[in-house]
Amino acid sequence: MPELPELEALRIRLAPRLEGRLITAATVNPKKAHMLRYPVEHFANELPARRIVSLSRRGKHLVFATELGGGGSDRWLVINPMLGGRFQMADGEVPVPATEVFTIRIEGRQELRYLDFRDMGRIYWATDLAREIPGWAELGPEADSVPAMGIDVFRKRLRRFRDELKDLLRNQEFLAGIGNAYSDEILFEARLLPLRRRASLNPAEEEALFSAIPVVLKRAVEAILANPNYEESKQDRSFMAVHMKGGKTCPRCGHRISQLGSNREPLNFCRGCQL
Ligand SMILES: [Zn+2]
C-alpha cells in the first residue's frame, strides 16, 4: 500500500510532467467502472478540456487540482490507492495493463494511468474536499511536518491518544500519511516496541519517536527517488530495515526479526533492540 514516501516521490516525479498541462481525454475501463463513486460519463465528459493546475498530496491521497480553460470552476481528482492502487505514466503506445481503472490523456501523447490489482482504491471527483471525501476533515497534520511542529506541540498531540504505538502511527487523525509499512520502520528507528501503549512512553522515548518519524520518511523518499529503475507499479521496498523481513537478521543487532499478523499485513519488529 503506497504511503507518504511512495506518494511523495511519485508527486515529485509526476508534477513537472502534469502541472499546467491540458487533459485531452479520459477513459474508464468498463470492467472497473464500479470503482468510481459517480457516473462514468461524468469522468469522461468533465475531465477533458480541464487543465491540471497542481499535483499535491494529503496523507495517503494524491490530489490533482484542475480548472476549466480560462480559470475558475475548480475541481479535484483525488485518489487514495489503498492496497493495490498504482500509477503509470506512459507514452500512449505502451500497452495498457489489464489492471487499468482509468486513463487520462495529457496533451503531448502522454497518458496517466491508474491501475489497481485489488480494486480497493478510492477515486473522488470533488468540488468540496472536506465535505465529499470521508475522513478528510479529520486528517491530522502531515507526518513529514513533525519537525516544523516542534517537540512541545508533538508531545501535546501525542498525549491526546491512548493507542498502542503501532495503531497510533497508523491513525490518520494523529498524523496523516503513515500506514502499516512505515509505522514498523519508524518504531524500529525509535527503538520502541509496536505494542507499547502511548502512555508508557517516557519523555526521552517521546523524543525518540519525534525524531524517528521525519528521518524514516525522508530517507525513504530519497531511496525511492535515487533508484533509477524504480517502478511505481511494483513498489520496491527492499531498502526497509524490518518491514516484510520477518525471520531475517536485524541489521542493527543481529537478532531474528519477529513477525505478527498475516503475511499480507505483517507487523515486524526486533525484540533484540526495540524496547
Ligand atoms: Zn535488532
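Visitor: Why is arginine 170 called partly exposed?

Guide: Its relative accessibility is 31%. Buried means under 20% relative accessible area, exposed over 50%, and partly exposed in between (1.4 Å probe, protein chains only). So arginine 170, at 31%, counts as partly exposed. Aspartate 167 is partly exposed too, with a relative accessible area of 33%.

Visitor: What kind of model is this?

Guide: This is a predicted model, where local features need pLDDT of at least 70, side-chain atom pairs count only at pLDDT 80 or more, and totals for chains, interfaces and linings use all residues. Residues are numbered from 1 along each chain as its sequence is written, and side-chain values use heavy atoms, with hydrogens and water left out.

Visitor: What makes aspartate 167 and arginine 170 a salt bridge?

Guide: Their closest N and O atoms are 2.9 Å apart. A salt bridge needs a side-chain nitrogen of Lys or Arg within 4 Å of a carboxyl oxygen of Asp or Glu. So the pair, at 2.9 Å, qualifies.

Visitor: How far apart are aspartate 167 and arginine 170 in helix H6?

Guide: They are 3 residues apart, about one helical turn. Helices (H or I, at least four residues) and strands (E, at least two) are DSSP runs, numbered from the N terminus.

Visitor: What does the salt bridge between glutamate 189 and arginine 219 join?

Guide: Its closest N and O atoms are 2.8 Å apart. Glutamate 189 lies in helix H7 and arginine 219 in helix H8 (residues 203–226), so the pair ties together parts 30 residues apart in sequence. Glutamate 189 has a relative accessible area of 28% and is partly exposed. Arginine 219, at 44%, is also partly exposed.

Visitor: How many salt bridges does the structure hold?

Guide: The structure holds 24. One of them joins arginine 105 and glutamate 111, at 3.1 Å from N to O. There is also a network of salt bridges that links Glu8, Arg11, Arg57, Arg58, Glu142 and Asp144.

Visitor: Why is glutamate 111 called buried?

Guide: Its relative accessible area is 7%. That value is under 20%, so glutamate 111 is buried. Arginine 105 has 34% and is partly exposed.

Visitor: How do you know that glutamine 172 is buried?

Guide: Its relative accessibility is 19%. The cut-off is under 20%, so glutamine 172 counts as buried. Glutamine 172 sits in the loop between helix H6 (165–170) and helix H7 (180–190).

Visitor: Why do strands S2 and S8 count as edges?

Guide: The open sheet has 4 strands in the order S2-S3-S4-S8, with antiparallel pairing. Strand S2 (50–58) and strand S8 (122–126) each have a single partner strand, so one side of each is left without a neighbour in the sheet.

Visitor: How do you know that S4 and S8 pair?

Guide: Two strands pair if DSSP finds at least two bridges between them. Strand S4 (residues 75–80) and S8 are joined by 5 bridges, so they pair. In S8, tyrosine 124 is the bridge partner of valine 78.
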